[in-house]
Amino acid sequence: MLTGMTPKALQYANVTLRHKLIAIAEAPGTQDADYSIRTFQSEKVIIIWTVEKDDACRLSTHEHKIEGPAGFFLTTTKAHLHPENETRHLDLFVDESEEQTERIFETQNRPYIKPMEQEERDRVLNRWRNAARLLSPHRVLISFADQISFPTKPLRVRRDRPRSLGLIEASALLRQHAREKVEVEGQHYLVASLDDYAIARKLALGLLKSALSGTTPRRRALVAWANTHDGVYPKQDVDRAMIGRARLR
């Protein structure tokens, strides 16, 4: 858990980041480190050469290597991030409806109204955490990967498709005790099923809709609203629409 990151902090990290999830409070806290983050995501390693003095005060080149892979999780109120970083992320947009706000209020009230229900929730979460500790690393075989259709544009799909396959892989790993295991050329694999594909597809459709169109849910709602009015907009509706557009910008 981090609040922010300076430009070269990731390059000199003195803790292992391999298979870690790095959660950053807000996107502005990483603006100066954008290059390091996106390079780390793509290459899964950071290797830099620096000039340092030895004990005899002689200058020499030293290599610093930070191994991954690592995932990054951050929040922002902006509609878009740096374009080079966006192609390496999947965006989750908050449900801003009043109905969702009411559900949030209900959840906030629950510990005060039904404390025993909260304790049962914690017990359930602990069972899931313990189940996750029983998982082992495995390679995953997706025998139907070449049969999965995917858009061929925009260019960012070259990065989005592997992430979609990664969702299938993650589903198979989480359900590894119910998946077939095979040996291929001396390597052991879990075999992903069509159920894993169905789960990944359900998750990916919502994520990729915004990524591939380059729009946000609010912007799509604004366009849909404009299309239903056939060019005739009451003044109060226009005022609300302009407020929405200003927020999008």
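This is a predicted model: local features need pLDDT of at least 70, side-chain atom pairs count only at pLDDT 80 or more; totals for chains, interfaces and linings use all residues.

Colleague: How many helices and strands does the protein have?

Modeller: Eight helices and seven strands. Both are DSSP runs numbered from the N terminus: helices are H or I with at least four residues, strands are E with at least two.

Colleague: And what share of the residues is buried?

Modeller: 23% of the 249 residues. Buried means under 20% relative accessible area, exposed is over 50% and partly exposed is in between, using a 1.4 Å probe and protein chains only.

Colleague: Which residues touch the most other members of the largest nonpolar core?

Modeller: Met-5, Leu-10, Ile-37, Phe-40 and Phe-72, out of 13 residues in that core. At least two core residues come from each of strand S1 (20–24), helix H1 (34–43), strand S2 (45–53) and strand S4 (70–74). By nonpolar core I mean buried Ala, Val, Leu, Ile, Met, Phe, Trp, Tyr and Cys residues joined through side-chain atoms within 4.5 Å.

Colleague: What is Phe-72 in contact with?

Modeller: Leaving aside neighbours within four places in sequence, the contacts of Phe-72 include Met-5, Leu-10, Ile-37, Phe-40 and His-89. Contact means heavy atoms within 4.5 Å. There's also a second, separate core of 10 residues, with Ile-142 and Ile-168 among them.

Colleague: New topic: at what angle do H3 and H4 pack?

Modeller: About 110°, with the axes of H3 (residues 98–113) and H4 (residues 115–133) 5 Å apart. Axes are lines fitted to C-alpha atoms, for helices over the stretch in contact, and angles run from 0 to 180 degrees between N-to-C directions. H3 and H4 are therefore roughly perpendicular, a label for 65 to 115 degrees; under 35 is roughly parallel, over 145 roughly antiparallel and the rest oblique.

Colleague: Which residues meet there?

Modeller: Arg-110, Pro-111, Tyr-112 and Ile-113 of H3 meet Pro-115, Glu-117 and Gln-118 of H4.

Colleague: Last one: in what order do the strands of the open sheet come?

Modeller: S5-S7-S6, with mixed pairing. S5 (139–141) and S6 (181–184) are at the edges with a single partner strand each, so one side of each has no neighbour in the sheet. S6 and S7 (residues 187–191) run antiparallel, joined by four bridges; strands pair if DSSP finds at least two bridges between them.

Definitions and conventions
Residues are numbered from 1 along each chain as its sequence is written. Side-chain values use heavy atoms; hydrogens and water are left out.
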